[in-house]
Amino acid sequence: PDGAYARIAKALAEGYPRDLFPYLETDAQWACISVHDARKAAKTRVTVSYPSSEQPAARAEIGPLADSTDGEDVFVKTAESRGWLEKKDLSGTKGVEISGDRATIITARGTRYSFRRRDNGMWGLTMFTAELVSDRDKATRDLEVVNAAGDDYDRAKPH
């Protein structure tokens, strides 16, 4: 875990937040990928099925993540918009506590960062997972609403 922490600290210090993505835990990574897929699908459905007068408002509701290039881009845009990357304690590692597939890095300043061992053996940072999974769930629900409205608009179109 201390190697993963060192790579995270380096990426942030050098201004490359995209380089954090490989060091997130798997659930966080998949959540970002799912948000990308759902937002992109919603944008496409709005373009195909919604009347042109309704599209601007629908696109605004879907949000800017519909234009993300991939899951990593979703993470970076989300992290930047929520201030996750600002003023983090990136001091050196004072200690590491490992318990099974979980670990905690303790920095020289006393900040604690939790990690989970991923299936590939790498350690993944857990601090963003809950919010990213919540974002995934919202994007999935939003896509269902967009698709239902799209179905209604498609049925209402003259044939």
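Helix axes here are lines fitted to C-alpha atoms over the stretch in contact, and angles run from 0 to 180 degrees between N-to-C directions. With that in hand, α4 and α5 sit with their axes 12 Å apart, at an angle of about 115 degrees. This is a predicted model, where local features need pLDDT of at least 70 and side-chain atom pairs count only at pLDDT 80 or more, while totals for chains, interfaces and linings use all residues. Residues are numbered from 1 along each chain as its sequence is written, and side-chain values use heavy atoms, with hydrogens and water left out.

**Overall build**

- The protein has 5 helices and 4 strands (DSSP runs numbered from the N terminus: H or I of at least four residues for helices, E of at least two for strands).
- Starting at the N terminus, the order is α-α-α-α-β-β-β-β-α.
- The C-alpha trace spans about 70 × 30 × 20 Å along its principal axes.
- The radius of gyration is 19 Å, while a compact globule of 159 residues would come out near 15 Å (taken over C-alpha atoms, with the globule rule being 2.2 Å times the number of residues to the power 0.38).

**How the helices pack**

- α4 and α5 are roughly perpendicular to each other (angles of 65 to 115 degrees count as that, under 35 as roughly parallel, over 145 as roughly antiparallel and the rest as oblique).
- Helix α2 (residues 26-49) and helix α5 (residues 129-156) have axes that come within 8 Å and cross at roughly 20 degrees, which makes α2 roughly parallel to α5.
- The crossing of α2 past α5 is left-handed, and their contact has 14 nonpolar, 6 polar and 9 charged residues (Ala, Val, Leu, Ile, Met, Phe, Trp, Tyr, Cys and Pro count as nonpolar, Asp, Glu, Lys and Arg as charged, and the others, Gly among them, as polar).

**The largest pocket**

- The largest pocket has a volume of about 250 Å³ (on a 1 Å grid over the protein atoms alone, a pocket is an open set of points with protein on both sides within 12 Å along at least five of seven lines, a cavity is a set where a 1.4 Å probe fits but cannot get out, and lining residues have an atom within 4 Å of a point).
- Two or more lining residues come from each of α2, α4 (71-82) and α5, and α4 gives the largest share, 4 residues.
- The lining includes Val35, Arg39, Asp135 and Lys138, and by class it holds 4 nonpolar, 3 polar and 5 charged residues.

**The cavity**

- There is 1 cavity of 30 Å³ or more, and the largest cavity has a volume of about 90 Å³ (the space filled by probe spheres set on grid points, which are joined across faces, edges and corners).
- Among its lining residues are Tyr5, Ile8, Trp84 and Phe128, and helix α1 (residues 2-13) gives the most, with 3 residues.
- The lining of the largest cavity has 11 nonpolar, no polar and 1 charged residues.

Key: A crossing is left-handed if the near helix is turned anticlockwise from the far one by less than a right angle, and right-handed if clockwise.
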